[in-house]
Amino acid sequence: MARLKQGENKTIFTRGPSAGARVLLFSLLSIVLMTLDHRQQHVETLRNALSLLVYPVQRLVNVPADTVRWLSEEFTSKEEQQIEIQRLKQEVFFYRSQLRKLTVTEVENRRLRLLLQSSEDLPERTIIAELVNVDADPYRHQILINKGSRQGSYLGAPVLDAEGIIGQVLHAGPLSSVVVLITDPSHALPVQVDRNGLRGIVRGTGRYSELLLPYMQNNADVEVGDLLITSGLGGRFPRGYPVGRVSRISQDPGQPFLRVVAQPTADLDRVREVLLLMAPPEQPDNPNEEFDTELSDPAADLAPS
Amino acid sequence: MSRLTERGGWVILVSFLVGLILTLIPTPEWADRFRPQWVALILIYWCMALPDRVGVGIGWMAGLTLDVAQASLLGQHALAMAIMAYVTNKAHMRLRVLPLWQQSGTVLLFLLVNQLIVQWINGVVGYPPRDWWYLAPPLASTLLWPWVFVVLRDLRRRLRVT
């Protein structure tokens, strides 16, 4: 338009009506995109393609912090490293002995399951992913990790660290994935109380140190200090991983439900490396699983869920 | 699209890239709440200085990039940026003759509109803002406007971006 001459007046004159039309067009396009993105997963391919363009920038902004960490690791003294190695050796020794005990239990467990004719839990494969970026928007608890669908990440993949569940994959790009944390206000996952099998749902609050356990009836058997583990219902998270510990219970006689607050076991705001559970060969969908849960936890039947 | 890179168009591209980097760079947690809307500031400048080159379309694309980078709803920032670019294009003649502090006031207004659209969509999809902190980024950005303006203007003159 402005190629002939850079006369300001000329360009403004010819531009007038088309700018309004363009803003309408782009607004409509945005609304269509948002609706598709919110309702279905149709535009996920577009997002994944664009994420390839943005990913280098997301890596680039971490270069200074990474360099500092690398330097501090590089310049630790030999003694410190020796101490560290010593500590790690002891830890490995400890865990190995624990594992030995677990192997015996696992064999026994498998035998018992065979007797009950229920299918065994599939062994899970994991990959270690590194945290690349934390969402700058303080209202959303989302992180970016450096493993994408090419490395085995997939939509809905559970993400954990050594202490417990962290979240699940929200967008799986080719080289990176966005993970929504369990403390995100839009996230909820099915759990049960480790002590008695009481089932419930854990919802995020938007604060890193708080999870909410809604719909617990006033007479529910929950105590401060109870460990909440994933119940495996819903089929997204595997069963038995720790989620949080009940930290506060308050009762308002006027309300039908207890107000139960739990603290996540995982270090959600300090985590640097996470474990990604990869998809099992095929999604096991066995009715026995559910039946089995009910059988082994008689308390779960009595409790409101 | 090819028009974008001639007559110093790469300066515009690089400035948006720098804006994106500043948006994503890790900061201490307390500073996150005040993180300026860098891309929006840069967009306002170019929409005001070169309204025949930078407008709704480029604003929309910058917004879409932000959406992907921040994993927000695809089209959310794009919509806000497109509307802001349109308003700035419309007002560019008036903006240019204002002294810097009055310009800052207008920029605050534009940024608030931008932020309100983003928060409004957040509310619709289930992330309603819980407090008044979402007003902090536009205010912080307004304080930075004079510097952004001066830096980009000098760049534009020195590198002859027309």
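Here are some questions and answers about a predicted model with a chain A and a chain B.

Residues are numbered from 1 along each chain as its sequence is written, and chains are lettered from A in the order in which they are written. In this predicted model, local features need pLDDT of at least 70, side-chain atom pairs count only at pLDDT 80 or more, and totals for chains, interfaces and linings use all residues, while side-chain values use heavy atoms, with hydrogens and water left out.

Reader: How many residues does the contact take from chain A and from chain B?

Author: Good place to start! Contact means heavy atoms within 4.5 Å. By that rule, chain A gives 47 residues and chain B gives 50 residues.

Reader: Which three residues supply 17% of the area that chain A buries against chain B?

Author: Buried area is the accessible area (1.4 Å probe) that two parts lose on being put together, summed over both. Between chain A and chain B this comes to about 4100 Å², with 63% of it on carbon and sulfur atoms. The three residues that supply 17% of chain A's share, more than any other three, are M34(A), Y139(A) and R140(A).

Reader: How many salt bridges are there between chain A and chain B?

Author: A salt bridge is a side-chain nitrogen of Lys or Arg within 4 Å of a carboxyl oxygen of Asp or Glu. Searching the whole structure gives 12 salt bridges over all chains. Between chain A and chain B, however, the count is 0.

Reader: D66(A) and R69(A) both lie in a helix, so how many residues apart are they?

Author: Helices are DSSP runs (H or I, at least four residues), numbered from the N terminus. D66(A) and R69(A) form a salt bridge, with their closest N and O atoms 3.2 Å apart. An α-helix has 3.6 residues a turn, so residues three or four places apart point the same way. Within helix α3 (residues 63-74) of chain A, the separation of D66(A) and R69(A) is about one turn, or 3 residues.

Reader: Is D66(A) buried, exposed or partly exposed?

Author: Buried means under 20% relative accessible area, exposed over 50%, and partly exposed in between (1.4 Å probe, protein chains only). Because its relative accessibility is 27%, D66(A) counts as partly exposed.

How values were computed: Helix = DSSP H or I, 4+ residues; strand = E, 2+ residues; numbered from the N terminus.
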